[in-house]
Amino acid sequence: MNHWPFIIAAYGLTLGGTALLLLVAFVRMRRFEKRAEELKRR
Amino acid sequence: MHRFANPTRFLKFARPATWVCLSLGLLLLVPGIYGGLFITPPDYLQGDSARILYVHVPAAWLGMAGWSGLAAASIAQIVWRHPLAFVAAQATAPVGAVFAALCLATGSIWGRPTWGTWWEWDGRLTSMLILFFLYLAYIALADADRERGGEGRIAAIFGIAGTAILPVIHYSVLWWNTLHQGQSISFVRGESSIAEELFWPLPLTAGGFTLLFAAAVLMFMRAELARGRVEARLRRQAEGQR
Amino acid sequence: MMRPKQQRLVLVVAALVALGGAALLALWGLESRAAYFVTPSDIVAGKVEAGVPLRLGGMVREGSLDRKPDGVTVSFEAVSGADVVEVSYTGILPDLFREGSGMVAEGRLGADGRFLADTILAKHDERYMPPPLEKAQAAGETLER
């Protein structure tokens, strides 16, 4: 059995999942910090 | 303990820490992943599929370490009423859940070419799946409690009680006959049954993913604190208009 | 008098101890039922009923693998300690199935004491190392230099 499709799937899933998690966290942080900043300036 | 109780002081630390964790994490991950995929020799028995080790083991470690952190924060929340504790526990839960899920998924992918099965209900696999469900239950409990305006007391108790699964996962391969092999690395005895040529990328990927884990938790915490500020300000404005 | 903070700490510690104790008791009760497979020793000791579906886990004894002429039927000896059970199986073996390595067989114990497997899974141990050939080559290269 060729192992590489399995290896690529495992690495892709882990790296993709981590990237997506960081992106979601970043967007959420950015959105609320921006709104807090806007409200403060008003 | 209360040094970071003041959110302003915490943010002063968290803002640079987020970027340090992110960049340092990536810096460790790149050579770790490259080494694990292309430089290390294949395993004598498992061949190339053993390369999945370098993502599977960090995911497993972070899935479990995540719950330890969540439980520690829950204890701080119950005992010291630390104002940031619930924020920290809540920020850790989704990150831990993602890594527990990645551990299960990569393990399943690894199992097919080595054991010859995607999934078996053995002690190790089942207890790890339970940990994943505990994360989901914690997230649901904490969300429900927050919506009702609570302080997450029930979620914290659940977080502390859930630590019981951690020794079960760890010792499952010793207590019961399992399809999953025994542990390769013993921190207590400082031993590893992984040959040096195959071992070296593991600290790099484990360290890298740990730092990215920390970065995600910090970002979720900052999001939650900013959300709190927004809500407080809107409430004050609404009261001022009346 | 304890401060409320200390009271809560004591409470949490007590709860953790109680929880740990309860978990240990539950696991103790679960002990044998949570086992994923039985071993050849369990079968030799007569702990296993014939005909009941179960899993058998053990090492494949070196030199015991016998491929029948039809090409898909195999038999081999599974060992744990000094105890041996003969296993027969018709089907494709997993890639990692090796003599001297671990395996888990799903099936039932026949009346004659042989284990009839429907499925075979390979089990490996916790050691990871380079293939011996590469190691020898690497050693040869360093010698040459």
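**Entry 1, Gln90(B).** I looked up Gln90(B) and found 15% relative accessibility, so Gln90(B) counts as buried (under 20% relative accessible area; exposed is over 50%, partly exposed in between, with a 1.4 Å probe and protein chains only). The model is predicted: local features need pLDDT of at least 70, side-chain atom pairs count only at pLDDT 80 or more, and totals for chains, interfaces and linings use all residues. Side-chain values use heavy atoms without hydrogens or water, residues are numbered from 1 along each chain as its sequence is written, and chains are lettered from A and ligands numbered from 1 in the order in which they are written.

Gln90(B) sits in helix α3 of chain B (helices are DSSP runs of H or I with at least four residues, strands are E runs of at least two, numbered from the N terminus). Leaving out residues up to four places away in sequence, I listed its contacts (heavy atoms within 4.5 Å) as Tyr138(B), Ala142(B), Asp143(B), Arg146(B) and Glu224(B).

I checked the length of α4(B), residues 123-147: at 1.5 Å a residue its 25 residues should span 36 Å, and the end C-alpha atoms are 36 Å apart, which agrees (expected span is 1.5 Å times one less than the number of residues). Just after α4(B), Gly149(B) has a positive phi of about 80°.

I then took the largest nonpolar core, with 82 residues (buried Ala, Val, Leu, Ile, Met, Phe, Trp, Tyr and Cys joined through side-chain atoms within 4.5 Å). Among the members touching the most others are Trp67(B), Leu131(B) and Tyr138(B). Elements giving two or more residues to this core include α1 (4-41) of chain A and α8 (201-241) of chain B. A second, separate core has 19 residues, including Leu56(C) and Tyr89(C). Beyond four places in sequence, Trp67(B) touches Leu131(B) and Tyr138(B), and also Phe158(B) and Leu166(B), among others.

I looked up the largest pocket and noted about 1200 Å³ of space (an open set of points on a 1 Å grid over the protein atoms alone where a 1.4 Å probe fits, with protein on both sides within 12 Å along at least five of seven lines; lining residues have an atom within 4 Å of a point). Its lining has 44 residues, with Trp61(B) and Arg124(B) among those nearest the centre. α2(B) gives the most to this lining, nine residues.

The second largest pocket holds about 580 Å³, and Phe10(B) and Met221(B) are among the closest to its centre. Here too α2(B) has the largest share of the lining, with eight residues.

Note on methods:
Points joined across faces, edges and corners; volume = space filled by probe spheres on them.
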